[in-house]
Amino acid sequence: MEKMEEIEGSIADLRTTFRSRKTTSVAWRKNQLRGLIELVQDNEQKIAKALYQDLGKHPAEVYRDEIGIVKKSANHALSCVEKWMAPKKNRLPLLYFPASAQVLSEPLGVVLIFASWNFPISLALDPLIGAIAAGNTVLLKPSDLAPECAAFLQETIPLYLDCNAIKVINGGADVGEKLLQQKWDKIFFTGSTRVGRIVMTAAAKHLTPVTLELGGKCPAVVDTLSSLSDIKVMAKRIVGGKWAACNGQICIGVDCVLVEKKFASTLIDSLKRTIKKFFGENPKDSNSISRIVNKNHFDRLSKLLKDPRVAASIVHGGSSNEENLFIEPTILLDPPLDSEIMTEEIFGPLLPIITLNNIQESIEFVNSRPKPLVIYAFTKDETFKRQILSETSSGSVVFNDTVVQYAADVLPFGGVGQSGFGRYHGKYSFDNFSHEKPVMQRSFFLEMEPRYPPWNDFKINFFRFAYRFDYFNLVLLLLGLKK
Amino acid sequence: MRTLSVLPFQHCSSVGGASSFNKSFIYCYTTKPTFSSTLRFKNCTQFPLYTHAVCSVTLSEMTTEQRERERFDVEKAGLLMKELRTSFNSGKTKSYEWRISQLQSIAKMIEENEREIIQALFEDLSKPQFESFVSEISMTKGSCKLALKELKSWMKPEKAKTSMTTYPSSAEIVSEPLGVVLVISTWNYPFLLSLDPVIGAIAAGNAVVLKPSEVAPASSLLLAKLLEEYVDKSSVRVVEGAVAETSALLEQKWDKIFFTGGTRVGRIVMASAAKHLTPVILELGGKCPAVVDSKINLQVTARRIIAGKWMANGGQTCIAVDYVITTKEFAPNLIDALRNELKEFFGKYPMESKDLSRIVNPFHFRRLASLLDENKVSDKIVYGGQKDENQLRIAPTILLDVPEESMLMKEEIFGPLLPIVTVENIEDSFNVINSKSKPLAAYLFTDDEQLKKDFVKNISAGALLVNDAIIHTTVSSLPFGGVGESGMGSYHGKFSFDAFSHKKGVLYRSFAGDSSTRYPPYTPEKERLVKALMSGNILGIILALIGWSKD
C-alpha cells in the first residue's frame, strides 16, 4: 500500500512538473541529455561492476553495448533535438489561400518506461533519451532481475537529472502491476510477449498508446558461401551475435541458423573454431562470456536441452554449471521442429542449426512462424536478398552481419506482429514520444461563399471543381461562363 | 511551355466528364430514386421524410432478414480470416498493379454510384445532398485519387543517408504491408470513414475486412453491395452487423485494427487487440472547443462556426465544434451574429430546412434530449431548442453559460446543441480546455497574433485550426488523429499509407572490413580501444561496432 502512495505521489509530481511546461524548453532537454552523458561517463566503473554482478558481463561488452550505446544516442539527440523540434511547414493548395499549415511535435506528457534485464542500462536509458528529447516527464522502472543495475539507476539518476521530471522506481511484478493501474500518456515496454499483453491490456483502460519491444526467434539464413574468408567473417559475426552479446540473452540475438544440408558441416566447423578462438578451450573459464541471469532462466534453458531428442542433436558444447549459472556455447544440429527449443524464443547460449535442401526453403520456414524482430541473411546473391526483402516480414533485415543494426540511428528499431510494435532510435525515439500536432491558420479575409447553405447547383459545381483543384473551371464557374 | 500546351487539353476532358456528371446529378433531383435492391430501401424511398414509423418498420424487417441470414459468429469470422490470410500470403496484394487496380475500382465505384450514395445517406441521416457530396463523395474520391497518383513514390524504399554509407554498408527503410487488417467504421460519415481507411490499407498492400456501422444501415448495406461488386473479393471484404458480429471479428488475430468511434468501444477494441498484440489506431472524439476572441470579423466567424457545427452533419461529427468559449462581454454580439447567420442559412423554421441532417436514431435523439432537459440547462437556451422525436430532428440550439458540471459540458455532445461558455479574459479559455481531456481538434478565432501563439503553445489537441473550423481534415498533407482521450495513430494522405505499413529497417553489409575489436577474447588492449573509440564521437562508435579495422 505504501508503494501505491509512493507511485501516486511520484505521478502527481511528474504531472505538476509537466504542467509547468519547463520540460518543453530546448534548454531543459539539452541539459538533461548532457546530464545523462555525464552520468554514464562518470560512472563507467560502477556500471561495469553492476553489470558484472548481474550478468557477468565483460567490461568490453559493457562499453560496446551499454555505455557506448547510451553515449552515442544521447550525443546524437543532443545535436539533433533542435532540428527535430522545429515545426514542419506544409504547403497548402491554392484553394485555401490565404492560409498556412505546419506540424508541431509536442510532448505527450507523463510517460512510463519499463526496461529489461539483459541490457539493463541501455534498454533503460535509450528510451529515456527519446522521452527527454521529446520533452516528457518520465517514470523509469528498471527490471528487478538485474538488481545491481536497478539500484545503480535509482541512486544515480537523481544526482544527474532533474528529479522533479525524471523518477526511478524499483520493484517486482507487484510494483509493475500498480504502475499499470495509473493513467500514463505513453507506455514504452521492453520485454516478453506475455508481459507485453498484460501491459497493453492495462493501457487499453486508459486509452494509453504503447510501444512494445518484444523478441521472437530471429533466424540467421546462411547461404552456401564459397570463399574461405567470407565463411570466416560470417562465423565470427554469428558467434559475435550469439554468444558475445550477453551470451544469447538478447532480443536481436541469432536464435537459430538456417543452412543448406551440404554446407552444414563447413558452417559447424567454422563456428566451433571461432568459439574456441573467442572463448578458449574452456569457455566456462573465459571472462569474455556472460552468465545466465538467474536460476529460473538457467532451469528454463536446461529444460530445453533435457528433451532426449534435443540432447541427441548436440554437436558442440552442452555442459553447464548450475552454481555459476553458466551454460556453455552449445550448437545443435536439426533438433526436432516440434521441440520446445524450436517453438519458443531461446534467449540463451543454445544455437540450433536447421538444415534445408535448398536455401530458398528458408523463406517458407520463416513465413510459417511468427514474425521475428530481425532476419539476418548471409549471402552474396542479390536475387536472394531481394527475395528475402519482399517475401518475408520482420522488424528489420540485416545482410551479412548481426546485431549492429541496433547502433544505427538512421534505422527505425522495432518489431512487427509478435515481435512488437512502435519504433525507436534516433529521430524515431523522438517521434515515439511526441504527438505530431497539425496547426492550420486561416484569415478572415476572402470568404468562400459556396461553402454555406442554402445549397444550390452552383455551389455543388463549385465544390466539384474545387476538390479536383480544377482552378480553370472554377474561374469559369465564378465568372458565370459555366453551368 | 510543354506543360502549358498540355493543360487546356486536360481541362477539356474534365469539362466533358463534369457535364455528364451534372446530368446524373440533376437526374437525382428530379426523378424519384428507384432503389430495388431490398425491400427496406423501397420502403424508405417512398417516404422521403424519414419518419420514426418508417424507421421501426425497417428495423424490424432488418432483424427478420438477419435472422434468415446465417449468423456471423466466431467460426465464420475464423473462416473469413483464413481465406484472407491465404490470399495475403499468396502475395498478390503486395503488387503495385493490384493496389492500383483496386484503388481505380473504388474511384470508379464512387463515381458511378453517387446517386445511390447520396440516397443511402439521406435515408440514414437525411444528410443534405450538398453535404454528402462535399464531405463524403468528394473527400473519398480525393483520397483515392491522391493514393493513385502518389502510390509509386510512397512505395519506394527510403534510403537512409548517413555516415553509415561511408563505411562498407548501406541502409534503407522498406514499407511492407502488415497483413490482414480490420477497419471498424462509424455511422456519421459512413462512406468517408469506411472507405478512407480502406483506401490506406489497400494502398499499403493489405487484405482488409471492413465492418461498417449498423447504425447507418442503408449505407452499410450499400457499402457491402458495392465493394463486393467493384473490388477483389478474395482480399477485401465487408462484414455487416452489430455487437455480436464485431465481437466475433475482434476474436481473430489481426495485423492491425483501425477503429473510428467512441472512447468506450475504443477501450474494448484495444483490450481485445492486446490479446493478440495487434497494433491499433483509434480515431475517437472529444469535446472540441472553439475559442472566440473579440478581435475578429464577426460575420465570418459566425458563419465558420455554423459550418463547423450544424453544417457538419448536424453536429454529429467528431471534429465538430462542441462548445464555444468567449468573453462575458462579447457573448451577446456573438450570439446575435450566430442567430442572424443561422436564419440566413436555414431559414426561419430550421426544423423544416432540407439543409440540415437529422439525428441518426431514436437512441441518440433521446440522449440529446436528455442533455437539454437537465435541470439548470433547459433554461439556458438562447436560440432554438425545438425538437421533434417523430422526425428525429432537433433545431440548431445555442445555450449560454450552462453549469460546468452538467452532462452537456462533461460529455461529447455529438449533436446540434452549442453551449457557449463565458470567461472574464479570453486567456482563461486555456484553463477551461486544459481541465478537460485532450480534444481531437481545437479552434481559435482571433486576429491577435500573441493570442494565436499562446493558443498553439498551451493547447494540446489532435489538431489546431485558427480562424476556421473542420477544414483541416481536407488537407491531405496534415496527419489526422487524436492524442490522449481523443485517440492514437493518424491517417490521411501518406499518413494512411504509413498507418497500414511496417517500416522495415534494412542494413546491407559486406564481408569486407571486419575487425577483431568487436569480438572476444576481450584483451585490455581491445578494451582500451573500444573505450577510446566510444568516448569520442558517433563516428568512433559506429567504427567500433561495424568493425572498421584499426588494429
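These notes cover the cavities of a predicted model and one residue of chain B, Asp336(B).

1. The model is predicted, so the points below describe computed geometry. The structure holds 12 cavities of 30 Å³ or more.

2. **The largest cavity.** Its space comes to about 300 Å³. The lining is made up of 22 residues. Closest to the centre are Asp65(A), Ala245(A), Ile250(A), Val403(A) and Tyr406(A).

3. **Helices in the lining.** Three helices of chain A each supply at least two lining residues of the largest cavity: helix 4 (59-85), helix 5 (122-133) and helix 9 (228-242). Helix 4 of chain A gives the most, with 3 residues.

4. Nonpolar residues number 14 in the lining of the largest cavity. Another 5 are polar, and 3 are charged.

5. **Asp336(B): setting.** This residue sits in helix 13 of chain B, which spans residues 331-346. Is Asp336(B) buried, exposed or partly exposed? Its relative accessible area is 40%. Buried would need a value under 20%, and exposed a value over 50%. Asp336(B) is therefore partly exposed.

6. **Asp336(B): contacts and spacing.** The side chain of Asp336(B) makes a polar contact with the side chain of Arg339(B), at 3.1 Å. How far apart in space are Asp336(B) and Val382(B), C-alpha to C-alpha? The distance is 10.0 Å, with the two residues 46 apart in sequence.

Definitions and conventions
Residues are numbered from 1 along each chain as its sequence is written. Chains are lettered from A and ligands numbered from 1 in the order in which they are written. This is a predicted model: local features need pLDDT of at least 70, side-chain atom pairs count only at pLDDT 80 or more; totals for chains, interfaces and linings use all residues. Side-chain values use heavy atoms; hydrogens and water are left out. On a 1 Å grid over the protein atoms alone, a cavity is a set of points where a 1.4 Å probe fits but cannot get out, and a pocket is an open set with protein on both sides within 12 Å along at least five of seven lines; lining residues have an atom within 4 Å of a point. Grid points are joined across faces, edges and corners, and a volume is the space filled by probe spheres set on the points. Helices (H or I, at least four residues) and strands (E, at least two) are DSSP runs, numbered from the N terminus. Ala, Val, Leu, Ile, Met, Phe, Trp, Tyr, Cys and Pro count as nonpolar, Asp, Glu, Lys and Arg as charged, and the others, Gly among them, as polar. Buried means under 20% relative accessible area, exposed over 50%, partly exposed in between (1.4 Å probe, protein chains only). A polar contact is a pair of N or O atoms within 3.5 Å; within protein, one must be able to donate a hydrogen and the other to accept it, and residues adjacent in sequence count only if both atoms are side-chain atoms.
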